[in-house]
Amino acid sequence: TGTFHTGFVKGTGSKPNFKLTIPYTKFGSNNPEKQLEGVEAMKQIDAWVEAGTIEPSAGDGIKMCIQNPAWMDLSDRYFVLLGATSAMGPLNALLALGANIIAIDIDREGVWKTLIEKARASCGTLTFPLSKPQSEISSDEELFKCAGSNLLAKTPEIANWICSVHTDRPLTIGNYTYLDGALHVQLSLACDSIMERLCSERKDTSIAFLCTPTDCHAIPKEANEAAAANYKSRPSWQKVVELLIGGTNIMGAKQLVKNALKPVEESGLYLVDGIVAAQGPNYGLAKRLQHWRAVIAHSNGHVVSSNIAPSTATKSVVSNAQFAAAYNGFKLFKPMEVMYQETSSAVMLALLINDLRNLNSVANPKNKLDNPFQLFQSGSFHGGVWRCAYKCDAIGVTAAVYFYLGAYKAVIVAGVAGLAGTVNYVLKGSPI
């Protein structure tokens, strides 16, 4: 099968003072965004750990990047980004830290105009597939048109090309792709075949995924116990609502179902059922394929960074009115916290860097696991899903109703007043 020509752009931006910065403000608040660094960032990490919003191992991993600022200089690292322009992908953060990006994304002029201009303004580099030699391209417009490829249509050719670039450097390949419905599964299979090929041909390859918290995961015993404790101490209003609708199927999900599960009998593993039915079976299967690839690669001696990212208020998610309403109401269920995209990108990049730099990380295959699915226990920034009193899929309706009641309180009050006036007029012949 064929391959591509290679394009290359070197950024002209100056190198920053390398350190981890976490942009943060609470979701839904009107507070200005803070740029957390050093001691201030450590305090916020401790607060998340204490609340149960993230696992202690995630806090430790992020802190390692704060304590080792030299790790943040990524000019020595080469990252293959499948789905380079993904909202949750690390492109912008990696370029800002001087990383060398091998970008794969759809062959559309606008996409590559954005990618190439970002790379030029950064202190990193961008390597990308071209349909003709770069030396024969005479303008930026032509460069944008000749760049990129379709992962679904040109899977073998893309694999051939990736295997041929920067052969003197170890690559980290990450899958950040997403499509709706069955196309998500097909895209995951395409990326999986590319990852398998690269790992088989280049043994020093490491792989990366962003796991979703809305999935079934093996979790630490302490997280399970915290979920049970949170259920026991849940506020009275939740107990009342649970009596009214608990276990009732509303919009395809059973409401206010207890989160803590008994351990699996044979393995003793504790699991969390964070699956959200509304995301559909294709989403679940696509994520399962990624888990299987992570487990296989780790068992074959590859470094695997596969940390759980929090529920994140990306533009695509909050454009859905129902998801936006639920996200705004999640704060009712401690320790749930939705993150803005900038926060998620920063903390997940830190966890990726820790996995690549820290020899003691579970991502390193030299650190043996009792069960391969323990790979996903460590470094989880789950946003509270693992330690919440109720299953994630069981709180969405209550959370959304709470948000709507608050958002439309004035309308509801006016409507009730109007209805009362009408009833009074009918009964007494005069308004209130």
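This is a predicted model: local features need pLDDT of at least 70, side-chain atom pairs count only at pLDDT 80 or more; totals for chains, interfaces and linings use all residues.
Biologist: How do you know that the length of H10 agrees with its number of residues?

Modeller: Let's work it through. H10 covers residues 280-299, which makes 20 residues, and at 1.5 Å a residue they should span 28 Å. The C-alpha atoms at its ends are 29 Å apart, so the two values agree.

Biologist: Which residues of H10 are buried, and what do they pack against?

Modeller: Among the buried ones are Tyr283, Leu289, Val295 and His298, and Lys287 and Arg293 are buried as well. The buried residues of H10 pack against helix H7 and against strands E7, E8, E9 and E13.

Biologist: Now for a pair of helices. Why are H12 and H14 called roughly perpendicular?

Modeller: The angle between H12 (residues 321-329) and H14 (residues 396-407) is about 85 degrees. Angles of 65 to 115 degrees count as roughly perpendicular, so H12 and H14 are given that name. Their axes are 7 Å apart.

Biologist: Which residues make that contact, and how many of them are charged?

Modeller: On the H12 side they include Ala321, Gln322 and Ala325, and on the H14 side Ala399, Tyr402 and Phe403. By class, the contact of H12 with H14 has 8 nonpolar, 4 polar and no charged residues.

Biologist: What do the buried residues of H12 pack against?

Modeller: Those residues are Ala324, Ala325, Ala326, Tyr327 and Gly329. They pack against strand E14, helix H11 and H14.

Biologist: What makes H2 and H13 roughly perpendicular?

Modeller: The axes of H2 (residues 56-67) and H13 cross at roughly 80 degrees and come within 8 Å. With 65 to 115 degrees as the range for roughly perpendicular, H2 and H13 therefore qualify. Ala58, Gly61, Ile62, Met64 and Cys65 in H2 meet Val347, Ala350, Leu351, Ile353 and Asn354 in H13. That contact has 8 nonpolar, 2 polar and no charged residues.

Biologist: How do you know that cysteine 191 is too far from the closest cysteine sulfur for a bond?

Modeller: A disulfide needs two cysteine sulfur atoms within 2.5 Å. The closest cysteine sulfur to that of cysteine 191 is in cysteine 199, 13 Å away, so it is too far for a bond. For cysteine 211, the closest is in cysteine 216, at 12 Å, and that is too far as well. The structure holds 0 disulfides.

Biologist: Why are cysteine 191 and cysteine 211 called buried?

Modeller: Buried means under 20% relative accessible area. Cysteine 191 has 0%, so it is buried, and cysteine 211 has 4%, so it is buried too.

Biologist: Serine 361 and aspartate 370 lie in the loop between H13 and H14. Why does serine 361 count as buried, and why does aspartate 370 count as exposed?

Modeller: Set each value against its cut-off. Serine 361 has 6% relative accessibility, so it counts as buried, the limit being under 20%. Aspartate 370 has 78%, so it counts as exposed, for which the value must be over 50%.

Biologist: What does serine 361 touch?

Modeller: Leaving out residues up to four places away in sequence, serine 361 touches Asn354, Asp355 and Asn367.

Biologist: How many residues along the chain lie between aspartate 370 and serine 267, and what separates their C-alpha atoms?

Modeller: Aspartate 370 and serine 267 are 103 residues apart along the chain, and their C-alpha atoms are separated by 9.7 Å.

Terms used: Residues are numbered from 1 along each chain as its sequence is written. Side-chain values use heavy atoms; hydrogens and water are left out. Axes are lines fitted to C-alpha atoms, for helices over the stretch in contact, and angles run from 0 to 180 degrees between N-to-C directions. Helices (H or I, at least four residues) and strands (E, at least two) are DSSP runs, numbered from the N terminus. Angles under 35 degrees count as roughly parallel, over 145 as roughly antiparallel, 65 to 115 as roughly perpendicular and the rest as oblique. Contact means heavy atoms within 4.5 Å. Ala, Val, Leu, Ile, Met, Phe, Trp, Tyr, Cys and Pro count as nonpolar, Asp, Glu, Lys and Arg as charged, and the others, Gly among them, as polar. The expected span of a helix is 1.5 Å times one less than its number of residues. Buried means under 20% relative accessible area, exposed over 50%, partly exposed in between (1.4 Å probe, protein chains only).
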